Amino acid sequence: MPDKPKLAIYWAASCGGCEIAVVNLHEKILDVDAALDLMFCPCLMDTKRKDIEALPDRAIAVTLFNGALRTEENLEMARLLRRKSQVMVAFGSCAKGGCIPALANFSTREDLFRSIYLDNPSVENPDAIIPCGTTSFPEGDIHLPALLGRVKHLAQEVDVDYYIPGCPPESHQIWNVIEVILSGDLPPKGSTIGCGTLTVCDDCDRTKEDKRIPAFRRNYEFYPDPKACLLEQGLLCMGIATRSGCGAPCTKANMPCSGCYGAPDGISDQGAKMVAALGSVMDIGDTVGLSEAEISGRVSAFLSTIPDYAGLFYKYTLASSTLGGKVGR
Amino acid sequence: MKIGIYFCNCGSNIADKISSAAVAEAAGSFPEQTYFKTVDFICSEDGRLQFEESLKTELPDRVIVAACSPRDHEATFRRCLANAGLNPYLLQMVNIREQIAWVTEDPEVATAKAIRAIRGALYRVRLQQPLEKKELEVCPDALVIGAGPSGMKAAMALAEAGRSVVLVERTPMIGGLPVRFEELFPDLECAPCMLEPLMGELLHGDHAGKIELMTMSEVIEVTGFYGNFIARIRQLPRHVSLHECIGCGECAAACPAVTMNGFNNGASERKAIDFAFTGVLPNAPFLMEDVCVRSRGEECRACKDACPMGEDVVDLEQVEQIVERRIGAIILATGTGLYDASRVTGMGFGTFPDVYDALQFERLLSSTGPTAGEFLTRAGNVPSSLAIIHCVGSLDNDHKPYCSGICCQYAFKFNHLISARHPDTAITHYHRELVLPGKTAHTLFRHADRNANTSLKRYSSIDDLAVTLADDGRLQVSANGEDNVADMVVLCPAVIPAEGTGRLSALLDVGCDSSGFFRELHGRMDAAQSAIKGIYLAGSCQEPMDIQKAILQGMATAGYTLAGLQPGRTLEIEPINAEVDETRCAGCRLCISVCPYRAISFDSGHNASSVNAVLCHGCGTCVAACPAGAITGHHFTNDQIMAEIEGVLK
């Protein structure tokens with residue numbers, strides 16, 4: 001059998017959803033296998049790190065790297081795979097923008113450990129043991145990869161050729177990307193691929209009207225009209241500030257878009273853009289004759305209905321956002 | 001790219017704090033090829049000439065002027081660029097006077113700041129694009145909605161200037177509310193007599209031919225924009241030709257159908273075909289179809305047969321018509337009405353027949369009114385005592401928070417007119433505040449104040465006041481624990497926007513304030529303009545006002561129209577505006593509600609928003625709001641702004 005181009009799929013700080021999205025190709029996975037040699041995928045296969053280390057540089061045609069960089073091991077694997085790959089793809093929202101793992105950038109490592117290993121009511125830890133690089137036991141030392149000071153996305157540490165957005169990327173878009181890779185007709189380096197160029201509103205077939213939002217509401221409060229724009233109904237739908245291409249499965253299921261495809265091209269900060277957009281359509285009523293304090297009170301009352309700013313605006317992009325979180329870079 | 005940097009010393013204004021030599025030296029290390037020139041007063045005639053000559057010699061690709069605020073002289077220097085053959089939008093000004101020299105103590109710090117600001121301008125100006133003004137053919141004519149004092153005045157002024165005017169009036173008459181009054185504050189001038197010259201000019205004067213008056217008509221649709229509106233107007237059948245009728249009234253005399261006359265509060269009768277009231281203009285009756293016996297299927301042509309002017313004057317078959325007119329500007333002069341006083345509890349309005357609101361009382365006083373000016377109680381007596389209650393629903397957060405501004409003045413006018421006819425009638429004014437601004441309003445108040453039969457009682461809340469029926473069946477007003485008999489009560493309710501204001505607001509996209517009046521572009525500087533270009537506000541549709549101010553505002557709207565739209569001259573469209581990239585717009589329509597000038601519409605064919613450059617003010621609100629980044633603010637693009645920030649922070 002002639003050598004097929006090698007494909008690697010690696011997970012760093014991730015949930016495994018990206019691998020499931022690949023498996024969701026269903027029978028097309030056979031076409032992938034026919035065209036490419038999937039030779040490394042810790043979630044599915046038994047190839048080891050040493051096998052990768054043994055490869056010549058650039059031996060892997062394409063690496064789909066999912067997950068954010070949380071630990072030193074994530075970082076080492078990113079650098080290793082970059083060296084061994086011709087094309088490095090940041091695959092999914094964690095690798096592209098930090099995603100859920102990056103929300104930890106509001107806390108220091110010490111705070112995270114305290115919450116998880118010491119202050120957690122369901123944890124019994126009388127000796128106050130927390131993970132550290134090397135722990136000695138009578139049987140010998142064990143090593144755990146240390147946590148980085150903050151969660152990073154892939155491009156903050158290695159050179160990335162392409163980005164595929166999504167949490168996880170939609171399977172039909174993964175297939176599109178594979179077809180492009182197989183065709184050899186690759187887009188310019190740095191492109192975000194496997195997605196559309198508009199916003200989710202383009203994928204969403206709900207009726208859109210002029211927007212004036214009298215109050216934000218949450219899903220549990222009401223059953224939204226399945227035909228009308230969710231944002232107009234007060235749900236904080238991120239679709240307006242999110243790249244298209246997913247096919248809007250969430251809004252089709254009467255759930256607001258949470259923004260996993262990130263910002264469209266030309267928008268550097270998805271959360272900030274969403275804040276600017278919402279700020280423009282929040283209807284706080286007529287303010288003529290009101291004092292500054294009253295106006296500010298109305299705005300605050302409006303905003304107090306958003307329970308979690310970071311979780312809403314930066315669920316997928318905190319690591320790549322302008323402000324980046326609370327812990328230092 | 002060659003960039004010219006011109007540094008103005010502004011005499012000592014800038015030179016005292018910022019060293020041009022130090023800036024010149026720093027400019028030497030800026031990226032791009034730059035040249036640096038220091039001028040003493042670049043805005044002076046010499047300075048401008050020197051600047052233009054230098055531009056012609058150096059032929060820079062981009063120009064920076066570090067001088068005063070662009071609010072001062074950006075236009076001046078843009079013209080200099082144009083004179084030198086450069087696109088004027090390739091200029092970037094840096095305000096080193098107001099923002100740096102005047103507010104920075106230490107010259108070294110000021111110079112360092114200036115260098116940063118100029119470097120920012122350099123980074124920005126590199127990205128600036130040549131922009132061209134566009135021109136548009138316009139229609140110089142106007143639509144005036146409402147034929148009250150302000151609307152008539154605006155229409156007349158425009159007609160005198162040679163413009164065609166479509167004057168649309170909902171009622172069968174012109175003159176608005178005041179023409180229904182007997183005498184006016186502050187000089188007790190006869191209202192119809194005062195308005196007659198204007199109404200006469202409008203109907204039959206030298207320029208009347210330029211005015212197309214449509215009574216009993218309403219605007220039902222407006223499309224287009226400033227300079228090029230198309231209005232659709234629904235004209236209800238009057239059944240009487242305004243052009244041919246001479247107003248003899250023979251038709252009314254012959255008409256067999258009778259109803260109560262709404263123009264006289266239903267207090268007098270009228271025929272199905274009749275005048276609104278005596279002396280009304282246009283001097284032609286109108287037929288109320290629902291009252292005419294023909295509406296019951298009966299054959300009748302009594303009016304038509306009675307008309308001495310021929311077959312064609314009365315047209316019983318006339319039907320509703322929809323007409324279209326092309327105009328360049330729209331003047332809203334839709335006026336006001338009164339707040340329904342029955343919504344203010346305890347006033348007895350609508351319960352006790354001798355409780356009137358101010359408009360009803362005006363008709364009672366009027367010689368063309370239901371009682372020909374003789375005002376008696378319903379029992380037919382001269383009232384021995386009469387109460388006038390001010391601020392009914394005004395200055396009241398439960399009703400209308402604002403002061404209606406005119407009520408005190410007409411209340412003291414009532415006082416005068418009542419005393420003149422019945423000097424023995426005791427009059428009590430119940431007021432919360434007294435508002436008598438200006439140089440004339442005090443006179444009628446002084447008369448009332450000196451009148452032994454007049455008393456003023458102040459109350460603090462309308463809740464402390466009650467109009468009730470006393471044991472003897474007479475009305476009494478209870479205030480602050482004191483009961484006073486009143487045979488008649490006149491209420492001064494809040495002045496509110498005329499009925500239909502909200503409908504027009506929706507139709508034209510002209511916003512209303514929380515009180516329902518049309519919202520002006522700026523309360524002080526542009527109270528006669530709406531936020532929509534080419535739609536102007538005349539008279540009390542903008543806020544409660546007296547006739548003087550309404551007439552002035554009517555003239556102001558004519559002024560805007562005449563200045564903005566000139567026959568044979570195109571409308572210049574400022575190129576600093578917003579533009580939607582259709583290929584990036586996903587059609588969320590967020591921008592549409594954001595635009596304060598209603599300049600964005602949705603093109604469902606392309607499923608994308610589109611900005612009308614004529615209406616756009618270039619404010620950038622939509623650019624910031626567009627979540628897809630699909631809107632560009634020309635001359636203030638994201639790239640230009642980011643580059644400027646980068647240059648400053650470098």
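What distance separates the centres of domain 1 of chain A and domain 2 of chain A, taken over C-alpha atoms? The answer is 29 Å. Keep in mind as you click around that this is a predicted model.

To see those parts, colour chain A by its domain assignment: domain 1 is 6-101 + 149-183, domain 2 is 113-148 and domain 3 is 200-320. Now zoom in on where domains 1 and 2 of chain A meet. Ten residues from domain 1 and four residues from domain 2 take part in that contact. On the domain 1 side, select β4 (69-71), α4 (72-84) and β8 (147-152) of chain A, each of which supplies at least two residues. The top contributor to this side is β8(A), with four residues. Colour the domain 1 side by class and you get five charged, three nonpolar and two polar residues.

Next stop: the largest nonpolar core, which has 214 residues. Pick out A:Phe65, B:Ala155, B:Ile330, B:Ile331, B:Leu332, B:Val489 and B:Leu491, the members that touch the most others. Helix α11 (residues 407-421) of chain B provides the largest share of this core, eight residues. There is also a second, separate core of 42 residues, with B:Phe7, B:Val63, B:Ala110 and B:Leu122 among them.

Go back to B:Ile331 and show its contacts. Leaving out residues up to four places away in sequence, B:Ile331 touches B:Ala142, B:Val144, B:Ile145, B:Gly151, B:Ala154, B:Tyr536, B:Ala538 and B:Thr557.

Now select B:Leu386, which sits in strand β21 (residues 385-392) of chain B. Try the distance tool on B:Leu386 and B:Thr425: they are 39 residues apart along the chain, yet their C-alpha atoms are separated by 6.9 Å.

Last stop, still in chain B: an open, antiparallel sheet of three strands, ordered β11-β12-β17. The edge strands are β11 (217-225) and β17 (321-327); each has a single partner strand, so one side of each has no neighbour in the sheet. Ignoring direction, neighbouring strands here are turned by 20° against each other on average. Between β11(B) and β12 (residues 228-235) of chain B, look for eight bridges. One to click on pairs B:Val219 with B:Ile233 in β12(B).

Terms used:
Residues numbered from 1 in each chain as written. Chains lettered and ligands numbered in written order. Predicted model: local features only at pLDDT ≥ 70, side-chain atom pairs only at ≥ 80, totals over all residues. Core = buried A, V, L, I, M, F, W, Y, C linked by C-beta atoms within 7 Å. Buried ≥ 20, exposed ≤ 12 C-beta atoms within 10 Å, placed from the backbone. Contact = placed C-beta atoms within 7 Å. Pairing = 2+ DSSP bridges. Axes fitted to C-alpha atoms, helices over the stretch in contact; angles between N-to-C directions. Domains from an automatic or database assignment. Nonpolar A, V, L, I, M, F, W, Y, C, P; charged D, E, K, R; others polar.
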